[in-house]
Amino acid sequence: MTVALSMEGGAIRRESAGRLAVLGAATLALLALALADLVTGPSGMPLGKVLEALAAGPDGADRGAATILWQLRMPQTLTGTLVGASLGIAGLVMQTILANPLASPYTLGFSAAAGFGAALGIMFGGLLPLAVWIVVPGAAFAMTLLACGLVYLVARFRGASPEVLVLAGIATLFFFQSLQSLLQFLAAPEVLQQIVFWLFGSLLKSSWTSVQAILLILCIAVPILARDVWNLTALRLGEANASSLGLDIERLRRRCFVLVALLTAGAVSFTGTIGFIGLIAPHVARRMVGEDHRFALPAAALMGAVLLVAASVAGKLISPGAVIPVGIITAIAGIPMLLAVILKEGGRS
């Protein structure tokens with residue numbers, strides 16, 4: 001008996017070590033892509049000059065290189081990393097609490113709500129005594145939380161079952177998309193151009209403010225989610241199993257739902273709508289480390305960041321003179337990945 005337990009404990013330790021090695025490899029891939037993102041760009045800076053500017057810091061003697069690196073490229077790379085991590089975590093948690101492999105922040109209409117809020121800020125932000133760069137992300141953030149409130153109210157009255165949450169989310173999605181279309185129809189041509197560009201989803205709007213805001217939200221949400229990793233793992237094994245362990249599933253769903261809304265709002269408020277990261281990253285993460293959320297949560301964050309920074313590098317390489325918005329790249333690359341997920345899930349059923 002003792003020998004059997006010892007062998008089992010050794011197998012668990014080896015499995016955990018393998019998963020940690022995978023997370024380490026993903027971290028190295030992210031660092032390599034982040035460096036590639038810093039090197040690429042319309043102004044062109046070789047690797048040696050980038051490393052010199054990094055070592056010299058924001059107050060380096062070469063003012064041109066310092067400005068390009070520390071004021072333009074670094075905020076974009078860090079924002080892409082944090083947005084990808086936020087969407088990856090949000091997608092994983094959403095797929096777990098809804099027991100739906102195709103769930104993502106889009107499913108519940110959060111991104112559509114952010115798009116409507118941004119369009120509202122672009123059209124009418126000039127009427128407020130605030131700068132546009134505050135009004136637009138602020139309105140997007142507020143509308144995302146409003147969408148969260150609408151779905152939460154439905155769940156509160158009808159129960160937080162996966163079916164109710166998904167149906168309420170779809171209704172919210174179409175509601176905000178229709179409002180968004182109405183604003184686009186009423187907007188003047190130059191305002192419409194700004195709205196459409198925002199909806200593309202781009203890292204060009206990034207700044208150190210966006211980096212700090214998204215990082216703050218991650219620092220609030222991740223520790224709370226980390227306390228629920230065992231509960232989320234149990235829920236992933238099925239409601240019956242989770243209930244038999246004494247887990248209050250509806251309460252867990254509501255708590256995670258609010259955190260997902262917060263992560264999504266922080267991510268899309270500064271960059272626009274970026275699709276497929278929250279859908280694809282969780283699937284890749286589970287393939288890498290399995291269903292244990294102690295490993296799946298950081299893996300989803302890393303894969304979300306890897307996918308978004310890779311999309312940023314691809315956008316710069318495809319069109320060096322005019323950077324293609326990452327939202328377009330992720331949409332193009334995400335469609336075949338989504339089809340692969342559908343075919344894989346269909347094969348299982």
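Biologist: What makes Phe-116, Phe-175 and Phe-176 a cluster?

Modeller: In this predicted model, ring pairs link Phe-116, Phe-175 and Phe-176 into a cluster. Rings count as paired if their centres lie within 6.5 Å. By this rule, the count comes to three aromatic pairs.

Biologist: Why is the pair of Phe-110 and Phe-257 called tilted?

Modeller: The rings of Phe-110 and Phe-257 lie 5.8 Å apart, centre to centre, with 50° between the planes. Planes under 30 degrees apart count as stacked and those over 60 as edge-to-face, so the rest are tilted. The pair of Phe-110 and Phe-257 is therefore tilted. This pair links distant parts of the chain, with Phe-110 in helix α4 (residues 110-124) and Phe-257 in helix α11 (residues 249-271), 147 residues apart. Both Phe-110 and Phe-257 are buried.

Biologist: Why is the pair of Phe-175 and Phe-176 called edge-to-face?

Modeller: The ring centres of Phe-175 and Phe-176 are 5.2 Å apart and their planes stand at 70°. An angle over 60 degrees counts as edge-to-face, so that is the name for this pair.

Biologist: How do you know whether Phe-175 and Phe-176 are buried or partly exposed?

Modeller: Buried means under 20% relative accessible area and exposed means over 50%, with partly exposed in between. Phe-176 has a relative accessible area of 1% and is therefore buried. Phe-175, with 42%, is partly exposed.

Biologist: Is His-293 buried or exposed, and how do you know?

Modeller: The relative accessibility of His-293 is 1%. Because the limit for buried is under 20%, His-293 counts as buried. His-293 lies in helix α13 (residues 293-318). Beyond its neighbours within four places in sequence, His-293 is in contact with several residues, among them Leu-92, Val-229, Leu-232 and Arg-236.

Biologist: What makes the approach of His-293 to Thr-96 a polar contact?

Modeller: The side chains of His-293 and Thr-96 meet at 2.9 Å. The cut-off for such a pair of N or O atoms is within 3.5 Å, and the pair is a polar contact. A polar atom of the His-293 side chain also lies 2.9 Å from the backbone oxygen of Glu-291.

Biologist: Which residues of helix α9 are buried, and what covers them?

Modeller: In helix α9 (residues 229-236), the buried residues are Val-229, Leu-232, Thr-233, Ala-234 and Leu-235. Their cover includes α3, α8 (208-226), α10 (239-244), α11 and α13. Just after α9, Gly-238 takes a positive phi of about 120°.

Biologist: Why are α3 and α12 called roughly perpendicular?

Modeller: The axes of helix α3 (residues 63-98) and helix α12 (residues 277-289) cross at roughly 75° and come within 7 Å. Angles of 65 to 115 degrees count as roughly perpendicular, so α3 and α12 are placed in that class. Residues that meet there include Gly-84, Leu-87 and Gln-95 in α3, and Ala-281, His-283 and Arg-286 in α12. The residues of this contact divide into six nonpolar, six polar and one charged.

Biologist: How do you know whether Thr-40 is buried or exposed?

Modeller: Thr-40 has a relative accessible area of 17%. Since the limit is under 20%, Thr-40 is buried. Thr-40 sits in the loop between α1 (2-39) and α2 (47-56). Its side chain reaches the backbone oxygen of Asp-37 at 3.4 Å. Leaving aside neighbours within four places in sequence, Thr-40 is in contact with Arg-73, Lys-316 and Leu-317.

Technical notes: Residues numbered from 1 in each chain as written. Predicted model: local features only at pLDDT ≥ 70, side-chain atom pairs only at ≥ 80, totals over all residues. Heavy atoms only, no water. Helix = DSSP H or I, 4+ residues; strand = E, 2+ residues; numbered from the N terminus. Buried < 20%, exposed > 50% of the residue type's maximum accessible area, 1.4 Å probe, protein only. Polar contact = N/O pair within 3.5 Å; in protein donor to acceptor, adjacent residues only side chain to side chain. Contact = heavy atoms within 4.5 Å. Axes fitted to C-alpha atoms, helices over the stretch in contact; angles between N-to-C directions. Parallel < 35°, antiparallel > 145°, perpendicular 65-115°, else oblique. Nonpolar A, V, L, I, M, F, W, Y, C, P; charged D, E, K, R; others polar. Phe/Tyr/Trp six-rings, centres within 6.5 Å; stacked < 30°, edge-to-face > 60°.
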